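Hi,

Here is the structure we talked about handing over. Have a look, and my notes follow below.

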Amino acid sequence: MSDTTDFYAQPGEETQGTVYTAMGGDWAHIATEQAERSDEILVINMGPQHPSTHGVLRLILECDGETVLSIRPGIGFLHTGIEKNMEYRTWTQGSTFVTRMDYVAPIFNEVAYCLAVERLLGIEDAIPQRATVIRVLMMELNRIASHLVAIGTGGMEIGALTVMTIGFREREMILDFFEAVTGLRMNHAYMRPGGVANDLPETGIAQLRELIAWLHKHLPEYAAFCNENPIFKMRMIGIGHQDLSACMALGVSGPVLRSTGYDWDLRKQQPYCGYETYEFESKAWQPTDGWASSDSYARFRIRLDEMWESLKIVEQCADRLEASRGEPVMVADPKIAWPAQLALGPDGQGNSHEHIKHIMGESMEALIHHFKIVTEGFRVPPGQAYVPIESPKGEIACHVVSDGGTKPFRVHMRDPGFNHLQSVPIQCEGGMISDVVVAVGSLDPVMGGVDR
Amino acid sequence: MSDNGPDKKLPGEEKSVDEPVEGTDSAPGAGLEREDAQPDEALDTVAQVPAGVHVIQTRKGMWSDGSGDTSGYGRIVRSVELPNAGLPSEGWYTGVTGRLLKLVPDALVRVVFDRGELTFFVAREKLTEVMGQLRDDAQLRFEFLPSVSGVNYPDDEGAELHVVYHLQSMTHNRRLRVETTAPDDDPHVPSVVPLYPAADWHERETWDMFGIVFDGHPHLTRILMPDDWVGHPQRKDYPLGGIPVEYKGATVPPPDQRRSYR
């Protein structure tokens, strides 16, 4: 077949360069012919609608055979303008927006945002102890849920489907608890500047104890399935390698940073929410027995270990919550606190009959106050704050600027996934195309957080 | 910037090896010792850097936007200031400021300390040099750049666009914010990607959202918005969008045009 005849050219159109046409011969012949030309660089567009790219991530690959020569991530497909929208809502409504960023770990978005607003308000020390303990409890359960998604979907992408099915089973138990506490499985808007939206339901602690027992029973399954599974190890070890200096240069944190052996966990290094009073360890991967570090396998093992550490914290939280039953969960200042102590009804909606009775039947001033704080919100003194916390993925931080108004002047979320995707080229170039999926899975990006 | 000529040295090259390093630099959180090790003249230079508050806006009236102010306070004029408590005598803050001023004299336009967070305001001409020293010097060693973001202050005349760099020193366990400004009619800031590769996507996002051009960035393209998008959405003059909603003859305007409190 002639190399320069283009069957699809319009009349009068000039053909330039080689024309590749896969027709008119058997495949082996075509393949040999292409191999002889030795210019078989293939441009592959992977995503944004691809099951293995964790949502709408687009990867543009240049491949020589199955070897990746160059890879460029393209993001922005899930950009929803959350940061801009928040500038037109009250500070409390901001919780509802940030929770939709990283939807696999929504509690962390909310806590980072609330801590930043509280720093601007200067009420960091006035947050009730019980509210902080509930925050820690929800964060650590959410960390387990998020790691389960990372491990589960990462396993599914390399064919370990059972890891996914059992991962989502455990996650669903955690989300059931979230639903009992906040009313929703995801998108909670449960953390509010000043505390949390409502206290645990009456059966909350009992359900939590059941959940802890369930996790104790089922978390060992992941290690049993995967840790020594030869196929799993062959797919993971040495894949997605990124050493410490590359992590530092590219702003990579969280389990990916700790997989290099550097023990950097903000819960330990810069404690917030009273993490210094809990007993747990931060986990960094030390290579043993010839296992490489800084790779996908190390990240998997760190996530596995961290789930156990989180479970330790959850148990300590349960004890503390039992001891502090009945204490307030919202800051005392009525100029900031949400007026009602809501209770979760059977319909999943928060409501407070006592509060309604009070404002509708007893006190005109209370009604005015309710109306003002709900529609107008509170004012936050001018200034800016940057509060980082340790999310399951790494450092998530909220940069908040206030001009003294009832609405944020500017909110910027630093999502760890945004930084981590920058390191896809350094992890994947020169490797096999099938390993791209493993490397991206080990970074655990959630596009809702990346694109915001 | 225009002065990025070939004769200009990179910040890392400007430091000589034989320059003595004061104090220990291995123990995290050892700020107090290092502060003691600072010579008095460094403290004097720190004292000369302008502190003061930063007025970002002047406001008329008290309550609302989008309709007449019925509160009776409509003619009150007040200025919105970002507060500044001044450098505390305790902690590492004075030591770090003094060290930076020793390495880069007149590096700082203003030093702001507020709510436990230290901010260096740096002129954009000095940005690359300052960031280079902050990263490389053993006593500063802010080796990790978690975040870059922009803020648009439309009323901050001659400095409408701010770029905010958040730095983390893992060696010393400290955090620092570096802020630089650019006017609306010349929205150029030098890129720090050669120093901190992590800034790559962050600067692209800041360009995308605020229209700030980072000179020297390897490929400054849009990242979140589509390539052919017009305008920079996070700027304050960019409308939120939305359509008026009509219900039983009355019209509810979109959120950014509604009457609202502030």
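Some housekeeping. This is a predicted model, where local features need pLDDT of at least 70, side-chain atom pairs count only at pLDDT 80 or more, and totals for chains, interfaces and linings use all residues. Residues are numbered from 1 along each chain as its sequence is written, and chains are lettered from A and ligands numbered from 1 in the order in which they are written.

Back to chain A. Strand β2 (58-64) and β3(A) are antiparallel partners, with 7 bridges (strands are DSSP E runs of at least two residues, helices H or I runs of at least four, both numbered from the N terminus; two strands pair if DSSP finds at least two bridges between them). They belong to an open, antiparallel sheet of 3 strands in the order β1-β2-β3. At its edges are β1 (41-46) and β3 (67-74) of chain A, each pairing on one side only.

Chain B has 13 strands and 5 helices. Of its 262 residues, 38% are buried (20 or more other C-beta atoms within 10 Å of the residue's own, with C-beta atoms placed from the backbone).

Now the contact between the chains: 38 residues come from chain A and 35 from chain B (in contact means C-beta atoms, placed from the backbone, within 7 Å). On the chain B side, the elements giving two or more residues include β6 (144-152) and α5 (199-210). β6(B) gives the most, with 6 residues.

Cheers

How values were computed
Two residues are in contact if their C-beta atoms, placed from the backbone, lie within 7 Å. A residue is buried if 20 or more other C-beta atoms lie within 10 Å of its own, exposed if 12 or fewer, and partly exposed in between; C-beta atoms are placed from the backbone.
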